[in-house]
Amino acid sequence: MTDKSSVIFGNVMPEKLVRKAEKNKAKFVKKFGDDSNADYKIALEDIPTLSEIGVQNIVFGDENAKMPEKPIIISNIRMGFGHYRIAIAMASCARALGFDPLWLDLASFDATGSKVIRSQNDLYSLGSRISQKVKLFDKLVWEPMNCEGFKKITYNIGDQKNSELLVPIFKNIDKDIPIIGTHVWGSQGAIHAGMTHVVNAIPDNWAMGLHLSEGAIHTVQTNFAYYGYKTLNGFDKKALKGMGDGDLKMVGHYVDHEMVAGLESDNESRRKRIRDGEPYRILMTVGGAGAGADLFVNMIRHLMPYIRDKKVALFVNFGDHKAVYDIISKKLPEFNSEAKTYFDEYPKLVKLTEDMKTAKVDGIHCFCNSNIFEAVYATNLLIPVTDLLVTKPSELAYYPIPKLMIRHIGGHEVYGAIHTSELGDGTPEFEKESDILRALDNLIQDKELTLHMLGSIDKLKAQGTYNGAYECVKLAAGVHD
């Protein structure tokens, strides 16, 4: 296992911070146990929700399973929904390119490294929720940490040291199997374990030391992110050595094969619904941390007259956060009485989205699934059959659907909204509630705004902007066009 904490892309790190990172790693070992000599056998299980794209889940078993003919590992963690969503896009494109995608959720095991990830994720989710309720905490702690704190190259020291604890999970995995990490810990752990074909798929537009995984091929979705990472611009007060040749590729947006392949048809259906005066289909997504309930209450209250007049049909994916639905129902009784619910009724959701391809729909439709794959993939099913996505500027900012960007959670997300607004497939970010409600009015009343975004999406598709997941698969597998 090679040390990746003392020198990062040729930049020598302060010894004091390296020693601190080693002590923190030792604390985790003391708390969660030392499994460095464990012999975790690797088994495979089907993932029913993702059966159409043939994804199998890597789990611990009694003996090592035989690998499929053309395996590619998609490493991820549950931190919100974003890293899972990007991982599904990678798996989808891997299958489309003829590979056998294997799902590796590093937080899911009874292993020391997994326990560390879960403890870190719990803290992040708590901070995310607090930031939406306590403005002072958001201003003084959450925003600076997510934007500038994570940007420092020295932040990478601790993560690199902690990711050494993930090595035992990889012990019985063939080191030459291609692997794509949709969270940096997956990429770092794979590099420490000696994996030889590693892609580190960076999710954010704002370049941060948090996402560095030296030894992997780093991929980004935008030119803005490319420059930031190639030069390590702003990662330290002093000038730093940047990434070397071949360390970084700008690949485009990480989007599922199914969405990319059917995009022109989906856009034509959107245009037809506008021409025919059908209810404007608005999709809202509650993030994986379950934050922002009050804003959802006020947006839905504002939309109720449009919904009753059949000018809008509303679809809300609560993910696996039924508590947010309960809050909205309590504060907005008319929502509770008028909404159709599909709670842990995934087959009904699938049928609804199939029917929506040809049938006219109205009213309010709410979805919630305790199964994490169903919770995430519900949005994937709904995007092609809806007209506008209302979302914070996280991973969904890069998806090919007209988007209304609402306030970010964490300063790093700001630059996703800037990117989509400049491309023309989404709006700028609206932080104030009054501006968000006004934007909803504008989009409902002036369909030229949506038609403009659809035109931009068509052009971006033709340019290959949404092909990032395919490109990540090719890089990991060493496939050259």
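Colleague: How many bridges join strand S9 to S10?
Modeller: In this predicted model, 3 bridges join strand S9, residues 217-220, to S10. The two strands run parallel.

Colleague: Which residue in S10 is the bridge partner of His218?
Modeller: Leu248 is the partner of His218.

Colleague: What holds paired strands together in general?
Modeller: Strands of a sheet pair through backbone hydrogen bonds, and the pairing is either parallel or antiparallel.

Colleague: What order do the strands of the sheet have?
Modeller: The order is S3-S4-S6-S5-S7-S8-S9-S10, in an open sheet of 8 strands with mixed pairing. Strand S3 (41-46) and strand S10 (248-250) are the edge strands, so each pairs on one side only. Ignoring direction, neighbouring strands are turned by 30° against each other on average.

Colleague: Which strands does helix H2 lie across?
Modeller: Helix H2, residues 82-96, lies across S5 (71-76), S6 (100-105), S7 (179-181) and S8 (198-201). H2 runs at about 160° to S6.

Colleague: And what does H6 touch?
Modeller: Helix H6, residues 184-192, packs on the sheet and touches S5, S7 and S8. The direction of H6 makes about 160° with that of S8.

Colleague: Switching to helices. At what angle do H1 and H5 pack?
Modeller: At about 40°, with the axes 9 Å apart. H1 covers residues 15-32 and H5 covers residues 155-163.

Colleague: Is their crossing left-handed or right-handed?
Modeller: The crossing of H1 and H5 is right-handed.

Colleague: Which residues meet there?
Modeller: From H1 there are Leu17, Val18, Ala21, Glu22, Asn24, Lys25 and Phe28. They meet Ile157, Gly158, Lys161 and Asn162 in H5. By class, this contact has 5 nonpolar, 3 polar and 3 charged residues.

Colleague: New topic. How many cavities of 30 Å³ or more are there?
Modeller: The structure has 2 of them.

Colleague: What lines the largest one?
Modeller: Its lining is Gly113, Val116, Ile117, Gln120, Asp159, Asn162, Ser163, Leu166 and Trp185. Helix H3 (112-133) and H5 each supply at least two residues, and H3 has the largest share with 4 residues. The lining divides into 4 nonpolar, 4 polar and 1 charged.

Colleague: Which helix gives the most to the second largest cavity's lining?
Modeller: Helix H9, residues 263-275, with 3 residues. The residues around this second largest cavity are Met259, Leu263, Asp266, Arg270, Ile383, Pro384 and Pro400. By class, that lining has 5 nonpolar, no polar and 2 charged residues.

How values were computed. Residues are numbered from 1 along each chain as its sequence is written. This is a predicted model: local features need pLDDT of at least 70, side-chain atom pairs count only at pLDDT 80 or more; totals for chains, interfaces and linings use all residues. Side-chain values use heavy atoms; hydrogens and water are left out. Axes are lines fitted to C-alpha atoms, for helices over the stretch in contact, and angles run from 0 to 180 degrees between N-to-C directions. A crossing is left-handed if the near helix is turned anticlockwise from the far one by less than a right angle, and right-handed if clockwise. Contact means heavy atoms within 4.5 Å. Ala, Val, Leu, Ile, Met, Phe, Trp, Tyr, Cys and Pro count as nonpolar, Asp, Glu, Lys and Arg as charged, and the others, Gly among them, as polar. On a 1 Å grid over the protein atoms alone, a cavity is a set of points where a 1.4 Å probe fits but cannot get out, and a pocket is an open set with protein on both sides within 12 Å along at least five of seven lines; lining residues have an atom within 4 Å of a point. Grid points are joined across faces, edges and corners, and a volume is the space filled by probe spheres set on the points.
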